[in-house]
Every structure is written in structure tokens, then in C-alpha cells.
Amino acid sequence: MRMFALLLFVVQAGAASSSSAKTMSQLMIDPIYPASDAVFYIETRTPGTDAEWRALEAKTDALAEAAKALTGPLYFRDRARWMDDAKLMIEASATASDAVRRRDVNALAGVNDALYTSCVQCHQHYRPGYGARPTPAAAARNPASPSATADPPSPAAPVGKQDLEGVWSFATITPLERPAELAGKLELTADEAAAYEQRTVERNNRDRRDRSSPEADVGGAYNEAWFDRGSVLTVVNGKKRTSLIVDPADGKIPALTASAQQKAAARAADRRDHPTDGPENQGLPTRCLLFGAGPPIVPGPYNNLVQILQFPDHVIIFNEMIHDARIVPLDGRPHTAPAVRKWLGDSRGRWDGNTLVVDTTNFTDKTNFRGADESLHVVERFTRAGPDTLLYEFTIDNPTGFTKPWSAQIAMTKTNDRVFEYACHEANYAMTGILRGARAEERRKQ
């Protein structure tokens, strides 16, 4: 449940001035926990009667009163930071109360992130062990602990850092580059977005067969059941974006440099003149070597899940596509020697406040992401933006490949879906089919 983020704030504020005053723990148990829980689940537990709406109104009003109470001398800690954190809850709870009175479910759903942030930020400031999970040794010392008989937990994220663990979906129909039809528009209104999403989903539907020729029909490949592109535009800062690229402002990938254009032309000529000489002439996805797993991570037609696992000195970024896993050290070690080149590059991570920053260099000269060369430098940023939202940002810096750097943003959504193995090599009939077909065609022409 999402409200497990609101683990009880077991901070004792000292003896109450009267027997009726609540301790901090009691205040969290009632009303803060149940009221926040009701707001977090508003879309799946929407009141259906006037009585239920009145009950919810009472809860949010109690939440607002509790938030105000936190600013009193009975509870506050170091005044400045405590007051800043309390203000976040005061504002979020007041907005929630107003939305309940208007019976506005969308507005209540919209306050989720603000309310979640107010809770988590305060926890991180005043609970040094917030988010930490008991180690197997601790569980062994306390057999009554629920974790004593459970599977050994993975190590906790560093204290004070955001918990990024989980499976995240980055499926979206927002294109990497802004379409010509949306030129000059960074975002769409709700009505514009709904119309665009409907048009795009209908246009992408592979069950609408192209019968203009047998080749076109077969070229459609899989039917719609095999695709998982998503059906909505990505939402960043509450706005539906028209492109993942946010810099440059036109939402377009900058032009390739002259040398990069020459390399791209040479690759195109080789594909044209020697398309099926051998497996090396096929693209990296066809060869099951690299297929959108990043870095950077960009949405594809399917397998748009990434799982993040956090450890004290490493982070694992595990992509569903071709089940590639990047093990990213966080201990400050330098990149490997320039002579060592990898398909996924060489990644190093660090924390910038509550943002995980991953710096990747040492790519091969065959990766060619959007025309990049072996000097590609990718900087990724992972920031928890809400209970179910992870803001993923990346910047491409490749002076020998592009005329200027460029950046993109994607809002990832937490999911209960599981990441299964994508057996690409094991079922790669395309490669043998392509090469066998080419040899048969050669024999036919002899």
C-alpha cells in the first residue's frame, strides 16, 4: 500500500501539557494516517454517497487541524526546518479539504504528490533510519519480527536518500522528438491531449492491416497484442508533454556534426551494399546486442519496464528489454580506462541531494545512439517525484556527434508488474531467417 510510506512517526515530543493532548505517535495514528490514506486512494476508493463524502470531509478537516497543530510548541523540533515541513502539510491538507467540499476527485488525486512529499520529507529530516529495512542479523535477534521468516531483504538505500527501488514503467506515446503538427507547443491542454492520444492509439493499431500489397501486410510484423507502447502522453509537472526532448526548445535532436554525418553515410552505404553478408551487417537489435535498454532509457514498442535495486555502494538498473542490467558503483571510483569500451558504456553514480545522478562514458563506436559516436557522454538523473512517479531525465553531450547537447524528460510510473526474462538470443529466428533467405536468393540468381 502506498501509505506504508507514512510509517509511523515515532518521535516523542515530550510530555503533553494536559492529559488530553496527543503524542506525536498518536497524532500520526489518528488522524494523519487514515486521512492521508483516504486521499492517496481516492481514485480507487471514491465515496459513493453523501454520507461517505461527509466522512471524508471530516477526515481531511482533521488532517488540516493536525497539520496546524504540528506548528505548536508541543511538537516542533528545530524551528526553521520543522516549520517548513509542517507548512507543506498545511497547504496540502487545506487543498484536499477544499477539493472534498467540491467533490472533485481529480483535484484530490492531484494533491497526492504534495501530501506525499510533505510526509516523506519530514520523515527523512527527523527519522534517521527512515526507509531502512532490518538486516537478517537483526531479524535473527528478534524472532518475533515479521522479517525473521521472510526472504532476506535487500540493503536499504543510503540514509537521507530517496527510495527509488521498484519496477517503473516508462511506456508512453509521447515521441522523443516533437511532431511537426505540434511545432511550437511544449504541452497540450486536457482536451488537446485526449484527442491526440486517441488519434495516435488508432494510428498505431497493428490490427489495422495494410492490404496495399502482400509486402506491406507482412511488414506489419506482430499484431497489436504484442505491443505495449502505452496509450497516454507523459506528464511532467502536471502537464502533458508533446515531446520527450525539452532542450532544445523545439523538441528536436540537434543536427549531426560534419564528421558524424560522414560516419552515418558510410554506415548507410555499407547496409545498402552488404545488407546480408553476415550477422555483423545486421543492426544491434537484430543481433540481440542492444535494444533500447539505455543509457539513455527511451520508450519502445514493448518491454518498457525498468527495475531499480539500491544498495549502500551500488545501484542496479535492470531493463526489461533484453534483460540488460547496469551495476552502477556509488563509491566515487573513476571511469575505466578510455581503451575499455562497452555496449552500455561505463556508468558511475552519485547522489545530488535526493537525485541519483548516473554518468556514463566509454561507449563503443558501434552503439550509434541517434547518430552518436564513441565519445558519447550520457548524464541521467532519477528523482522521486511522488508516491508513484519517478522523473527520469537525461542529457546527451557528444561534441563530435551533435552540434550541441540535448536533454529529455520522462515521467516513469511505479507498477506491480514483474520483469520477466526477454529471451532474445534464444528465440532469434529472425537472424537465421534473414541469412538463409539471402543465401537462397543468391543461389537463385546464379
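The buried residues of helix α2 are W53, L56, T60, L63, A64, A66 and A67, where buried means under 20% relative accessible area, exposed over 50% and partly exposed in between, with a 1.4 Å probe and protein chains only. This is a predicted model, in which local features need pLDDT of at least 70 and side-chain atom pairs count only at pLDDT 80 or more, while totals for chains, interfaces and linings use all residues. Residues are numbered from 1 along each chain as its sequence is written, and side-chain values use heavy atoms, with hydrogens and water left out.

**Helix α2**

- Helix α2 covers residues 50–69, and its 20 residues should span 28 Å at 1.5 Å a residue, which agrees with the 28 Å between its end C-alpha atoms; the expected span is 1.5 Å times one less than the number of residues.
- Helices (H or I, at least four residues) and strands (E, at least two) are DSSP runs, numbered from the N terminus.
- A66, in helix α2, has a relative accessible area of 4% and is therefore buried.
- Leaving aside neighbours within four places in sequence, A66 is in contact (heavy atoms within 4.5 Å) with L27, P31 and I32.
- A66 and P31 are 35 residues apart in sequence, yet their C-alpha atoms are 7.2 Å apart in space.

**Aromatic pairs**

- A search of the whole structure finds 7 aromatic pairs; rings of Phe, Tyr and Trp (its six-membered ring) pair if their centres lie within 6.5 Å, with planes under 30 degrees apart counted as stacked, over 60 as edge-to-face and the rest as tilted.
- F382 and Y392 form a tilted pair, at 5.0 Å centre to centre and 50 degrees between the planes.
- This pair links F382 in strand β11 (residues 377–386) with Y392 in strand β12 (residues 389–397), 10 residues apart.
- F382 is buried at a relative accessible area of 0%, and Y392 also counts as buried, at 0% relative accessibility.
- Y392 also forms a tilted pair with F394, at 6.0 Å centre to centre and 45 degrees between the planes.
- F369, F382, Y392, F394, F402 and W406 form one aromatic cluster.

- An open sheet of 3 strands has the order β2-β4-β3 with antiparallel pairing; two strands pair if DSSP finds at least two bridges between them.
- β2 (187–188) and β3 (235–236) are the edge strands, each with a single partner, so one side of each is left without a neighbour in the sheet.
- 2 bridges join β2 to strand β4 (residues 239–241), and L188 stands opposite K240 in β4.
- T234 lies in the loop between α8 (214–219) and β3 and counts as buried at 3% relative accessibility.
- The side chain of T234 reaches the backbone nitrogen of A411 at 3.0 Å.
- Beyond neighbours within four places in sequence, the contacts of T234 include T172, K240, R241 and A411.

- Strand β7 (residues 314–319) and strand β8 (residues 325–329) pair in the antiparallel sense over 5 bridges.
- F318 stands opposite A325 in β8.
- The hairpin has 5 residues between the strands, and I322 takes a positive phi near 55 degrees.

Conventions:
A polar contact is a pair of N or O atoms within 3.5 Å; within protein, one must be able to donate a hydrogen and the other to accept it, and residues adjacent in sequence count only if both atoms are side-chain atoms.
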